[in-house]
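Visitor: I have a new model on my screen and would like to learn how to read it. Could you take me through it feature by feature?

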Amino acid sequence: MLQTTLYNLSDVMGLVTPFLPIIYIKMISLSFEKRAYDLSDLLALQRDSLLTALGNVPENNRVFLLDEKLRDPLSLIASDLFKDSEIMFLSTSLNPHPKTDINLIVVFDSANIFNAISGTKTFLKARSSIALHFLVTPTCDQYIEQLICDTGLSDQVHTLEAFSYNSVFLDTDVITLNLQYGFNHMLYQKSMTAVQRSAQALLQIVNTTGLFRNIYSRGPEGIRCLRSFLAELKSKPIQTLDSTQSQQQPFEHVFLIDRGIDLLSLTFEPWTYEALLAETFSLRNSALQTSKDSSTTYLNSLDPIYKRLRATHISKIKGKVDTILEELKEVEQEKEQAIAGRDNLSLQQIRLIREKSIIAEKNQKFTEFHVGLANSILKSMSYDLGQAFVIKRDLFRDGALSKRVLDYMLMRIMENASFVEVFQLYLLIMIVSQPKAKDIQLIRSNVSARYGVSADFLFDTLDKSGLLPASTSKSWFKDLRAAYTLWYDEDEHSERAHGTSSALYRDISDVFNSRAPLSVRIVERELKAILSSSSRENASKSAAKGGMGGDVVSDTTSGSSATYPYVPATRVWGIKRPLEGWSGSVGEDVRLHSDLVGEQQSSSVLVVFLGGVTYAELAALSILEEQLVMQYGPRVSILTIGTDVASGREILETLVEKASEAAGNRKL
């Protein structure tokens with residue numbers, strides 16, 4: 001049995017961490033190669049993958065047996081491939097009667113391998129001489145091959161191929177558009193690339209799932225993306241948008257978040273497992289490399305242990321692993337009991353126990369792998385990191401640049417710490433405190449002397465961007481911190497659980513050890529207010545048994561347009577702001593239509609980050625989804641799109657890299 005030697009966090013860090021609950025997140029980062037694809041490119045690639053897999057299947061007498069889960073994505077990417085063939089779906093009521101020998105093409109998700117084998121055997125009972133062709137997504141591993149052999153189907157399987165399919169809107173929690181330099185293009189070049197690519201992605205989703213109901217843009221780039229999307233929408237024929245046949249309901253609420261309104265979250269070190277993997281090693285599009293010479297490991301939904309650990313706080317990893325090991329131990333004990341009493345078990349019971357045992361063996365290996373990674377993370381968490389955490393925590397809590405913080409900053413510069421580390425602390429100082437001019441001058445002169453002209457160029461660019469509080473005006477941070485409860489108070493835990501058991505309640509501030517990511521807190525506050533208002537409206541309608549009432553959110557609707565009548569005039573967001581000096585104080589909302597599906601409608605939410613989303617923010621959004629599901633039921637779901645998915649450090653590293661290039665060009 002696996003030995004779980006996990007280092008104690010307090011021993012490694014030299015500090016005591018507060019109790020933080022375990023978080024569960026489900027996320028699949030779509031893998032892209034070389035360049036960023038928009039969603040249309042992605043669909044074309046997936047169609048090519050399916051065509052390649054079908055290339056080995058004879059074209060005559062084809063019968064498709066499809067996994068019900070794949071109905072929508074397959075019809076989206078390749079509906080024409082099935083129009084001349086008989087199609088059936090995997091189900092317990094499957095009752096085929098093939099009159100001739102056929103080429104049975106079984107298309108299924110690897111998670112439903114048992115249903116696929118069971119459906120295939122139903123066909124073989126009706127006609128034993130048919131040829132079998134298995135197309136499995138997203139991968140075909142040794143486990144699937146072994147099951148096919150064990151069930152006696154190998155002799156009749158002529159094709160066993162893997163293909164990728166469009167899981168974008170059905171079982172994915174984050175989409176990356178892979179614009180790695182999206183934020184620095186926005187900052188340095190005022191480029192519209194991130195805005196336009198995001199608008200194109202929104203249009204593709206509309207063409208797939210249907211028209212959004214409400215869109216809320218926050219920050220200048222969010223507004224630009226909204227307007228670009230509306231312009232694209234007005235130019236498209238209504239017939240194209242109305243022809244959607246997807247079973248998934250349209251997104252009810254869409255948030256467009258400008259990365260620039262929350263630089264604060266880029267300055268903190270995350271404390272969740274996946275985010276720490278990205279900080280410690282190289283994690284890009286689910287591909288993990290622990291060193292330059294190591295092989296690549298793909299961390300995705302095929303690893304069930306990773307799904308359970310990915311957003312667990314690092315101090316809680318050992319407890320979560322112990323729980324997993326107990327579960328694996330129970331499976332092993334069940335297997336031993338079955339062996340001892342196999343004469344009293346049916347063949348079906350023996351088969352199920354064996355299948356569970358095979359899965360447990362795989363999970364055992366996954367667990368060993370992640371224990372090793374967790375230990376590597378804990379070893380890398382040095383005293384310096386613990387000291388940095390305390391310095392940043394105190395600076396965030398007090399909102400003032402103390403002599404202790406200033407001395408620490410100057411010491412790290414003298415020690416030639418990486419510029420990204422110094423830059424993070426500089427940003428935090430500028431955002432949360434109102435430093436004296438002489439202190440800013442002291443810091444910048446030392447930074448300039450140590451890191452050169454590229455640091456001066458980066459600081460000058462930020463001064464002109466309007467993303468930091470102006471030195472001549474009052475800092476907006478304290479008002480912002482109070483308005484959005486960015487600092488987690490343990491005494492408020494029960495109160496903020498909103499009627500949910502405080503033991504089950506998980507606040508989004510867990511991802512930064514008591515500090516909430518501002519971007520996600522904005523979404524949380526507005527979304528909870530929207531859903532509460534919607535629930536009251538539905539309850540009122542139900543009680544009155546009347547027709548459709550007025551809209552909950554009042555907006556200014558434009559007159560009918562010959563091109564697209566449902567797009568209203570935009571309006572400035574009417575919710576009170578903490579302070580107008582903050583770039584997040586600008587926003588526009590639109591309601592594209594007022595049609596309600598009914599009281600059981602889905603409350604699916606789409607959150608788009610222009611300039612990149614961090615792994616910590618993804619963890620926070622997962623916690624938010626858990627909260628909303630507990631409060632409003634399973635109808636609530638959140639999908640995130642990022643122009644890039646990276647750690648906060650990586651996003652800042654791209655700024656530093658481009659500053660070095662720009663400063664070099666300017667010198668020339």
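This is a predicted model: local features need pLDDT of at least 70, side-chain atom pairs count only at pLDDT 80 or more; totals for chains, interfaces and linings use all residues.

Visitor: In which strand is His253 found?

Guide: His253 is found in strand β8, residues 253–258. Helices (H or I, at least four residues) and strands (E, at least two) are DSSP runs, numbered from the N terminus. Residues are numbered from 1 along each chain as its sequence is written.

Visitor: Is His253 buried or exposed?

Guide: Buried means under 20% relative accessible area, exposed over 50%, and partly exposed in between (1.4 Å probe, protein chains only). His253 counts as buried because its relative accessibility is 4%. For the chain as a whole, buried residues make up 54% of the 668 residues.

Visitor: Which residues does His253 touch?

Guide: A contact means heavy atoms within 4.5 Å. Leaving out residues up to four places away in sequence, His253 touches Asn214, Tyr216, Leu527, Ile530, Leu531, Ser604, Val605 and Leu606. Looking at the whole chain, 81% of the contacts between residues at least 6 apart in sequence join residues at least 24 apart.

Visitor: Ser604, Val605 and Leu606 sit in another strand, I think. What can you tell me about β14?

Guide: Strand β14 covers residues 603–610, and eight of its eight residues are buried. Ser603, Val605, Val607 and Phe609 point one way from β14, and Ser604, Leu606, Val608 and Leu610 point the other way.

Visitor: Which residues does Glu617 touch?

Guide: Glu617 has its place in helix α22, residues 615–632. Not counting residues up to four places away in sequence, Glu617 touches Arg259, Asp262, Ser265, Pro517, Ser519, Val520 and Phe609. Glu617 counts as buried because its relative accessibility is 0%.

Visitor: How do I read a sheet? What is the order of the strands in the open sheet of five?

Guide: Follow the pairing from strand to strand. The order is β2-β1-β3-β4-β5, with parallel pairing. The edge strands, β2 (86–89) and β5 (157–162), each pair on one side only. From one strand to the next, the twist averages 20 degrees. Within this sheet, five bridges join β1 (residues 62–66) to β3 (residues 103–109), and Leu65 has Val106 as its bridge partner in β3.

Visitor: Which strands does helix α4 touch?

Guide: Helix α4 (residues 113–126) packs on the sheet and touches β1, β2, β3 and β4 (131–137). Axes are lines fitted to C-alpha atoms, for helices over the stretch in contact, and angles run from 0 to 180 degrees between N-to-C directions. The direction of α4 makes about 160 degrees with that of β3.

Visitor: How many salt bridges does the structure hold?

Guide: Side chains of opposite charge can pair when their charged atoms come close. A salt bridge here is a side-chain nitrogen of Lys or Arg within 4 Å of a carboxyl oxygen of Asp or Glu. The structure holds 27 salt bridges. In one of them, Arg127 pairs with Asp101, with the closest N and O atoms 2.8 Å apart. Arg127 lies in the loop between α4 and β4, and Asp101 in the loop between β2 and β3, 26 residues apart.

Visitor: Which residue forms a salt bridge with Lys318?

Guide: Asp322 does, the closest N and O atoms being 3.1 Å apart. Both lie in helix α12 (residues 317–340), four residues apart, about one turn of the helix. Lys318 counts as partly exposed because its relative accessibility is 37%, and Asp322 is partly exposed at 27%.

Notes. Side-chain values use heavy atoms; hydrogens and water are left out. Two strands pair if DSSP finds at least two bridges between them.
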